[in-house]
Each structure stands twice: as structure tokens, then as C-alpha cells.
Amino acid sequence: MDLSIDPKLEDFRADVRAFFANDFPKDILAKTRKGASLTTDEVRKSESALGKKGWLAAAWPKEHGGPGWSLEEQYIFDEELERAGVPTVTPMGVIYVGPIIYTFGTDKQKERWLPGIREGREGWCQGYSEPDSGSDLASLQFSAVRERDEYILNGTKIWTSAAQHADWIFCLARTDNSGKKQEGISFIIAEMNRPGITVTPIITIDGKHALNQVHFDNVRVPADYLIGEEGKGWTYSQYLLGHERTSYARIGGKRKQLRHLREIASHVPTGGNRRLIDEPDFARKLSDADLAVDALEMTVLRVLSAVKDGGAPGKEASIVKVLATSAAQQITTLYLDAAGLNGNRQFDDSVTPDWLSKDASANFAAPGLSLYYGTRAQSIYGGTNEIQRNIIAKRVLGL
Ligand SMILES: Cc1cc2nc3c(=O)[nH]c(=O)nc-3n(C[C@H](O)[C@H](O)[C@H](O)COP(=O)(O)OP(=O)(O)OC[C@H]3O[C@@H](n4cnc5c(N)ncnc54)[C@H](O)[C@@H]3O)c2cc1C
């Protein structure tokens with residue numbers, strides 16, 4: 001792949017930019033600019049706006065209803081989406097399970113689920129982790145027992161992001177306990193409103209509700225909610241993780257935060273006529289973060305350009321995940337450096353003013369703190385960074 005962006009693509013960029021400036025719901029953008037959480041209806045509204053335009057499933061091939069964009073077009077689209085401050089697309093439907101369904105699902109399953117995902121009408125969540133199975137995910141004990149034309153699901157999933165907004169959950173479930181632990185796992189879907197499912201919120205350190213525990217008590221789903229073959233769920237789950245880990249790069253968002261930090265730093269006084277941007281230590285950290293994002297961008301482009309048509313990024317996605325996490329943490333730490341004592345402010349959805357404005361006050365402090373906490377969690381989700389380093393050592397470097 002030619003890493004320099006073709007000037008002809010600038011027309012494409014202008015179209016995308018105009019859509020976000022003129023046609024994307026302004027109330028959603030305004031709420032996101034405040035760093036506030038969206039309700040379920042607002043998530044659907046935001047994602048349907050992209051879905052109606054045919055741009056939600058930005059990386060899907062045309063045959064499955066995607067726009068059929070080249071890698072460069074997808075890249076520009078992501079940059080513009082983040083530049084406009086559009087809420088992060090909930091990845092569980094469009095990035096995680098969609099490609100699994102169109103790759104391994106039956107025609108009936110594709111007809112049933114793909115339109116709702118790509119049009120942003122139906123929300124999804126990911127039921128992988130369990131209270132006793134995280135890094136060692138293959139030890140999971142959530143069970144699916146086949147009874148005639150149904151599966152009966154029992155067990156608890158935890159850390160389930162966006163379960164409170166979801167219509168559907170895709171689960172890794174044990175259908176066989178006799179062989180190697182990876183071999184008895186199946187990939188099964190359930191509606192979130194089935195009798196026997198209980199969602200319990202988990203409130204995180206920033207006071208937000210993004211995580212949940214989802215308990216299943218004899219939940220019955222049709223047997224044709226099984227994706228692919230019984231016992232092959234582990235293979236499908238690994239395919240999904242390649243997409244998931246690459247999606248953490250979010251270059252456009254990082255560059256936007258760096259621009260924002262420069263703006264903030266050119267206003268924050270540090271004594272006399274000096275501003276934070278004049279302080280060598282802060283300026284150096286900002287430049288280091290710029291370089292980290294450049295390195296991440298090159299790496300993600302290399303990983304994506306190695307993907308064969310319609311396939312998934314491979315083990316190298318672990319490198320993207322580690323680099324993306326450390327760049328995100330470097331950047332959000334700078335918000336705390338800039339906030340100083342204001343970093344102690346509590347975040348309050350209702351009163352936070354437009355924190356991306358050029359206002360020299362410390363309005364950025366509370367949402368910046370929330371971002372800081374959020375990026376700490378990135379070392380853990382999608383498989384911890386220690387586990388990614390094990391994968392890089394063993395499977396990428398062959399050590
Ligand atoms: C914000 C957030 C969102 C999440 N969203 C979801 C979701 O939507 N769906 C879902 O299914 N899960 C989700 N998770 C769960 C996440 O995938 C797990 O937390 C993660 O896989 C780690 O598992 P664990 O928490 O059980 O930690 P453990 O596996 O108990 O690990 C504890 C510590 O030990 C280290 N460790 C463990 N094994 C090794 C090893 N072999 N070598 C070196 N170090 C090791 C880990 O790196 C970690 O530091 C989310 C987590 C977070 C924080």
C-alpha cells in the first residue's frame with residue numbers, strides 16, 4: 001500500500017467532511033463535545049445517521065452491504081469522523097460480530113442480522129469474559145446445552161460493554177467439556193430481552209456506566225442462533241479479535257486530542273508571560289506523543305495493508321493494540337499535566353460546558369480526567385497488554 005495519500009482522494013475527504021458538517025445530528029455532536037454519555041436512543045440515532053448514508057459498516061465489502069471503500073478511503077473516513085467529534089461507533093456489531101456473521105454464518109443468518117447492524121438499528125454486546133475467565137478465556141464455563149431445536153444457556157458474563165444499549169449479545173459458550181478446552185467452545189447469539197437474562201450495571205471510577213454483568217438463567221435460544229459449527233467458536237473468536245485490536249488505533253481522534261492539547265497549553269499560564277506550551281518538559285512530552293502517533297499510524301497501515309480481501313488482521317494486530325494503548329495513555333496523561341490541581345474536579349454530565357472550546361479556563365479538566373481513566377482500562381480490554389506481549393513474543397517473533 002502506498003502510504004502517501006493520493007490527492008484525488010481529497011474530493012472524497014471533502015464529501016465526508018460536508019456530510020458531518022451539514023447532515024449529522026447536531027444535538028449528538030453537541031452532547032459529545034461536552035464529554036457526556038449518550039442514552040440508548042441517542043446511540044441509535046447517531047449510528048442510524050451513518051447507517052442511512054451507508055457509511056456505518058465502513059470496512060464491509062460491497063457484497064455484504066458495505067460501501068466497498070479502499071483502505072485509503074476507510075482511513076480518511078475514520079479521520080474525518082473523529083475530526084468532526086462523532087461519537088465512537090459501538091464496535092460490537094459493525095466491527096466485531098458483523099464480519100463473523102458474513103464470513104461464517106448461513107444465508108438466513110446474514111439476512112436476519114446484517115441489515116440491522118449496518119443500518120445502526122440494532123445494538124450488540126460481546127459476551128466473552130466471565131468472573132473466573134479473562135486472560136485464560138478458553139477456561140470459560142458459561143454453558144450451552146442442546147435440547148431438540150434449542151440451546152439452553154446458563155452462566156455469567158462480566159465486563160460486558162454497552163449491554164444496557166444492546167438488543168443482542170454474542171457469547172462464547174461451552175458445548176463440550178471432554179477434550180482440549182478450546183475445542184468445546186461455540187459461538188452463540190441471544191436476544192437481550194429473552195426471559196432469564198439479568199443485566200447488572202458496573203459503575204467505573206469515572207462515575208460512568210459503560211460496563212455490566214450479564215447473568216443467564218436457563219435462557220432458551222433457537223439452535224440456529226449458533227454461528228458456524230458447534231465447537232469451532234474459539235477459532236471464530238480469534239478472527240474477531242484481529243479486527244477488534246486493530247480498531248483501537250483511532251489515529252484521527254488522537255491527532256485531534258493533540259491539537260486540543262496544544263490549544264490548551266498555549267492558554268494555561270505558568271508564571272509571568274509564560275504559557276504551558278513554553279515549558280520544555282511539557283513541550284517535549286507533546287512531541288513524544290506526536291511521534292508515538294506517527295509510529296502507530298505507520299504500524300496500523302502496514303498491518304491493514306497485509307490483510308487479504310475480506311479477511312482479518314492477524315497476530316500483528318497485537319502490536320497495534322500495545323502501541324495504541326501506550327499512545328492513548330501518553331496523550332491523556334498530558335490532560336492531567338495541563339489541568340494541575342483542577343484535575344481533581346468531579347465529572348458531571350449536566351454542568352460540563354463545551355470542553356473543546358478555546359476557552360482558557362480549565363473546563364477540559366474533568367472530561368480530561370475521565371479520558372485518562374478510560375485509557376487506563378485500554379491496557380486491560382481486548383486482552384491485556386501483558387497477554388499481547390506474550391503473543392508478539394511467541395507468534396510474531398517466534399521466541
Ligand atoms: C473497560 C473494559 C471493557 C471491557 N469490555 C468487555 C466486553 O465488552 N466483553 C467482554 O467479554 N469482556 C470485556 N472486558 C473484559 C476484558 O477482556 C478482561 O478484563 C481481560 O481479558 C482481562 O481479564 P481479567 O480481568 O479476568 O484479568 P486476569 O486475566 O485475571 O488478569 C489479571 C492480571 O494478570 C495478568 N496475566 C494474566 N495471565 C497472564 C499471563 N499468562 N502472562 C502475563 N500476565 C498475565 C494480566 O495481564 C492482568 O494484569 C472489558 C474490560 C474492561 C476493563
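**Helix packing, domain and arginines**

Modeller: Helices α5 and α6 are roughly antiparallel to each other, where angles under 35 degrees count as roughly parallel, over 145 as roughly antiparallel, 65 to 115 as roughly perpendicular and the rest as oblique. This is a predicted model, in which local features need pLDDT of at least 70 and side-chain atom pairs count only at pLDDT 80 or more, whereas totals for chains, interfaces and linings use all residues. Residues are numbered from 1 along each chain as its sequence is written, and side-chain values use heavy atoms, with hydrogens and water left out.

Colleague: At roughly what angle do the axes of α5 and α6 cross?
Modeller: Two packed helices are described by the angle between their axes and the distance between the axes. Helices here are DSSP runs (H or I, at least four residues; strands are E, at least two), numbered from the N terminus, and axes are lines fitted to C-alpha atoms, for helices over the stretch in contact, with angles running from 0 to 180 degrees between N-to-C directions. The axes of α5 (residues 91–104) and α6 (residues 107–118) come within 10 Å, and they cross at roughly 160°.

Colleague: How many nonpolar, polar and charged residues form the contact of α5 with α6?
Modeller: Counting heavy atoms within 4.5 Å as contact, residues of α5 including Val-94, Val-97 and Ile-101 meet residues of α6, among them Trp-113 and Leu-114. Ala, Val, Leu, Ile, Met, Phe, Trp, Tyr, Cys and Pro count as nonpolar, Asp, Glu, Lys and Arg as charged, and the others, Gly among them, as polar. By these classes, the contact of α5 with α6 has seven nonpolar, three polar and one charged residues.

Colleague: How far apart are the end C-alpha atoms of residues 9–120?
Modeller: An unreviewed UniProt entry places the feature "domain: Acyl-CoA dehydrogenase/oxidase N-terminal" at residues 9–120. This span is 67% helix and 0% strand, and its end C-alpha atoms lie apart by 26 Å.

Colleague: Which residues does Arg-146 contact, leaving aside its neighbours within four places in sequence?
Modeller: Arg-146 is found in strand β2 (residues 143–147). At 48% relative accessibility, Arg-146 counts as partly exposed, a class between buried (under 20% relative accessible area) and exposed (over 50%), using a 1.4 Å probe and protein chains only. With those neighbours set aside, Arg-146 is in contact with Tyr-151 and Ala-223.

Colleague: Is Arg-148 buried or exposed?
Modeller: Arg-148 is found in the loop between β2 and β3 (150–158), and has a positive phi of about 50° although it is not a glycine. With a relative accessibility of 69%, Arg-148 counts as exposed.

Terms used. UniProt positions are given in the numbering used here, feature names are shortened, and annotations may be inferred rather than shown by experiment.
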